[in-house]
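Open the model in your viewer and keep the selection panel at hand. Each stop below says what to pick and what is there.

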Amino acid sequence: MDARIPRLRRKLAEIPFQPLRSHSFGEEKHEFRLVPKHAEARVAAFEAKHDIALPDAYRQFGTQIGGSGAAPFYGLLPLERCSLLVMNPRGEPGTPRGFNGADPRAQGCDLFLHIIEMGCTDVCVIAVTGPLTGRVLIGNGDGYWGPDVSAATDFLDWYERWLNHVSTGRDNQAQELTSPRLRAHPNRHLMCRSEGEDALGRRHGH
């Protein structure tokens, strides 16, 4: 077991009882709760069906912490609702790229698994093949913005950064976190700003 697993369990359990924590967009849906862990057989069947190997940190989270629920935005999707995507072809340098779920294998591109619900056509994915394997990205399925690659080394690192930022009551537009101070301000919609050394990615509305 990864040494981070018990630490993440403890941090997640403490979040709801911290009066000065940040509000995390979408928390009303998951309420910082996770559904029971995935059985190894269930994960193996998913991998066999899609002919992929889930990134180890993400796999460990699902089999040792929880299968879906508490996470940034609207929360982790159940495994059966996760779908494979490919990134759309590169356009002009610096232009956004969307994601396409139409027969990913036939396109011969690097594969990404849609793992977190963000709303509208925004997506949070984890790379399952290619040079970004194991890294979390967020973007827009239609290519209106992004994609942005998290600086986190793997899924457990990415998840712990979210917990840490919530716990310390930070404002972070990228993670859609709102501090108690900002939530109480009458002009909070004008004051939103992004803080922190790591962005889960830029967020351009819902």
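Start inside: the largest cavity holds about 80 Å³ of space. This is a predicted model, where local features need pLDDT of at least 70 and side-chain atom pairs pLDDT 80 or more, while totals for chains, interfaces and linings use all residues. Numbering starts from 1 along each chain as its sequence is written, and side-chain values use heavy atoms, leaving out hydrogens and water.

**Stop 1: the cavity**

Select His-38, Tyr-58, Gly-62, Gly-66 and Gly-67. Of the 14 lining residues, these lie nearest the centre of the largest cavity. By class, the lining has nine nonpolar, four polar and one charged residues. Here Ala, Val, Leu, Ile, Met, Phe, Trp, Tyr, Cys and Pro count as nonpolar, Asp, Glu, Lys and Arg as charged, and the others, Gly among them, as polar. The structure holds one cavity of 30 Å³ or more.

The search ran on a 1 Å grid over the protein atoms alone: in a cavity a 1.4 Å probe fits but cannot get out, a pocket is an open set with protein on both sides within 12 Å along at least five of seven lines, and lining residues have an atom within 4 Å of a point. Points are joined across faces, edges and corners, and a volume is the space filled by probe spheres set on them.

**Stop 2: a pocket**

Go to the second largest pocket, with a volume of about 190 Å³. Its lining has 14 residues, and Arg-90, Thr-95, Arg-97, Gly-146 and Pro-147 lie nearest the centre. Five lining residues are nonpolar, four polar and five charged.

**Stop 3: the sheet**

Switch to cartoon view. Six strands form an open, antiparallel sheet in the order β3-β2-β4-β5-β6-β7. β3 (99–100) and β7 stand at the edges with a single partner strand each, so one side of each has no neighbour in the sheet. Strands (E, at least two residues) and helices (H or I, at least four) are DSSP runs numbered from the N terminus; two strands pair if DSSP finds at least two bridges between them.

**Stop 4: strand β6**

Select residues 136–140. Five of the five residues of β6 are buried, so the strand is largely enclosed by the rest of the structure. Buried means under 20% relative accessible area, exposed over 50%, partly exposed in between (1.4 Å probe, protein chains only). Val-136, Ile-138 and Asn-140 are on one side, Leu-137 and Gly-139 on the other.

Which residue stands opposite Gly-139? It is Val-123. Five bridges join β5 (residues 122–127) to β6, running antiparallel.

**Stop 5: Asn-172 and the cysteines**

Pick Asn-172, in the loop between α5 (155–167) and β8 (177–178). At 0% relative accessibility, Asn-172 counts as buried. A polar atom of its side chain lies 3.0 Å from the backbone nitrogen of Gln-175.

Finish with Cys-109 and Cys-124. Cys-109 is partly exposed at 35% relative accessibility, whereas Cys-124 is buried at 0%. With a disulfide taken as a pair of cysteine sulfur atoms within 2.5 Å, the count is zero.

Key. Polar contact = N/O pair within 3.5 Å; in protein donor to acceptor, adjacent residues only side chain to side chain.
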